[in-house]
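Work through the following exercises with the sequence and the coordinates open. Each task is followed by a solution in steps.

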Amino acid sequence: MAGASPTRLPRVLIAAWTVAVLLFLYIPMMAVVLTSFSKARYFRFPITRWTTEWYARTFESLSVRDLLWTSLSVAALVTIFSVILAFFGALAFARYDWKGRKLYQRLVLLPIFFPQAVLGLALLLWFSALGITTSWKTAVFAHMIWIVPIVILIISIQVYSFDAALEEAAFDLGASRWQVMKEITLPIMSPGIVSGGIFAFLLSWGNFPLSLFSTGADQTVPEWLYAKMVSGYTPMVPTLGSLTISGATVVLLIVYLAWVAVRARKRGRRPDRAEAP
Amino acid sequence: MNWFRQPGVAAALPAAIFLLVGFAGPLLMVFGYSFMPEKTFTLDQAPTFENYISVVTDSYYISFTWSITLAILTVFLLFPICYPIAYGMAKLFGRWANLVTALIAVPLLISENIRLFGWVLVLLKNGILDGALQSLFGISVSGMLYTVPAIVLGLVYVYLPFMLFPLVIGISMIPDAVKEAAADLGANRWQVFREVELPLAMPGILIGCILTFVLVLGSLAESKILGGQAIVMIADDVESAFTFAQNWPKGSVLSVLLIVLSGLIVFTLFRRIDLDQVIGRR
């Protein structure tokens, strides 16, 4: 660690810069939450009169309930389907050696690099050519084009650290293909599957460009927010905005605490490993 | 057929078929529409090049130039912003690196709309920045929203993680021993950076720069929400051709040009790097 490692000053500078950029990343979220407590119909800063009235109105609003329900249904279905497709996709991406794998790796990642607005419009044409009326169900399909590749990438990172000898050992001991999948492959890949699922859910929940062209008459939360920002502004915009911000934060916190708990339990069960030198 | 018997092929099939139907299909159709006569909605007309000619001779080069300029500018701003942080995350922060990763990833999971709206509130006339400066120092900075710098701020803000995370992967591929050896042989810090770090971290640097470039090229929300009417980017033109103008062939031509431009760049990148090495650290 000594020798070429940087001296103290650059380390402090790098740490300070990192903290500054992290603060920068959270400025807009703080702005939205702050604004949501302002009483004024049109926002002015500094805020002179505070209120939680807009939260009460948002909770009572039936149209907001519809929006939340649509967004939730889309995100939940996207998560389930994406994880299933990406689980096998990741095995093909990283686990098995097969002819055509390199080409598959490149092609499967293309949608991530693709402009989402253009993809959304192309899908709109595609659905209309196939005679499918767009609704929240077609939005599930549209989101998956972009999210499945991302989840494949996330699960693949887990698969790369997978020791293939474990599966072979189980086969040698007489396990069937299904047993190996259930007892060896799935448990080892579960951290990747869980983080892939969380990403799938939240990316779908927050997606705007794909939803815009694929939901038809239905509307998701980000679409509604955009529509109201452009015309017909109401203070419910920052309110619903900060509700989704806190929603995402709560989901991530729960996941993080669950992860800490699982790790603590594993350590408790195998003290020999934790204390090994 | 023996090839179909491989477990890898069987595992690849579901996602491959899905993307064939949902990704390759629509793109081929857009390609087809780009050769149809103007303002037609079917694919059975006689193919023509007139859309390509009219797009090239029309003023669309302006929005293409804006998109490319802003994409290059964003990459050049983000690289120096992200490099020190990526270096810290890969080499210095130790156990704190996980926390920094999480804190940078969380905003990605909140809708881009809401985050850009937050910037609107900050930059607005009588907004947070303007209001704070007025009440503290009596200075007014009211004209900041709906300008090109506001768009650049939004682009830098939204695409920062897409530059940062590939850089972290790239920098963590540099073995410490090589840097130490270079330093022991008398290289100064700048030489170590230029001759050792940069070449070894190049796969990550390339992915970060190209991912950012391509995403900005196709971006829509930043210029609309923070830029107002200041400029038109190419994705904006694509959208209005398909929606307001109801001219699918013209929208298709613009999409095809955008797709070809980004596709060429991405494929050049893919030819130069080995994904197994970058993602799997093999």
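**Exercise 1.** Determine whether N126(B) is buried, partly exposed or exposed.

*Solution.* Begin with the criterion: a residue is buried if 20 or more other C-beta atoms lie within 10 Å of its own, exposed if 12 or fewer, and partly exposed in between, with C-beta atoms placed from the backbone. N126(B) has 14 C-beta neighbours inside 10 Å and therefore counts as partly exposed. Next, locate the residue: N126(B) sits in the loop between α5 (112-123) and α6 (128-137) of chain B. Helices here are DSSP runs of H or I with at least four residues, strands are runs of E with at least two, and both are numbered from the N terminus. Finally, check the backbone: N126(B) is not a glycine, yet its phi is positive, about 60°.

The model is predicted; local features need pLDDT of at least 70, side-chain atom pairs count only at pLDDT 80 or more, and totals for chains, interfaces and linings use all residues. Residues are numbered from 1 along each chain as its sequence is written, while chains are lettered from A and ligands numbered from 1 in the order in which they are written.

**Exercise 2.** Repeat the analysis for Q246(B): is it buried or exposed?

*Solution.* The count for Q246(B) is 11 C-beta neighbours inside 10 Å, so Q246(B) is exposed. Its loop joins α11 (234-242) and α12 (248-272) of chain B. Q246(B), also not a glycine, has a positive phi of about 50°.

**Exercise 3.** Describe the surroundings of E223(A).

*Solution.* E223(A) belongs to helix α10 (residues 221-230) of chain A. It counts as buried because 21 C-beta neighbours lie inside 10 Å. Setting aside neighbours within four places in sequence, E223(A) contacts F208(A), S211(A), L212(A) and T215(A), a contact being two C-beta atoms, placed from the backbone, within 7 Å. The C-alpha atoms of E223(A) and P209(A), 14 residues apart along the chain, are 8.6 Å apart.

**Exercise 4.** What is the secondary structure of chain A, and how does its radius of gyration relate to the globule rule?

*Solution.* Chain A has 12 helices and 0 strands. Its radius of gyration (taken over C-alpha atoms) is to be set against 2.2 Å times the number of residues to the power 0.38. For 277 residues the rule gives 19 Å, and the value for chain A is 23 Å, well over it, so chain A is more spread out than a compact globule. The C-alpha trace spans about 70 × 60 × 40 Å along its principal axes. Of the 277 residues, 41% count as buried.
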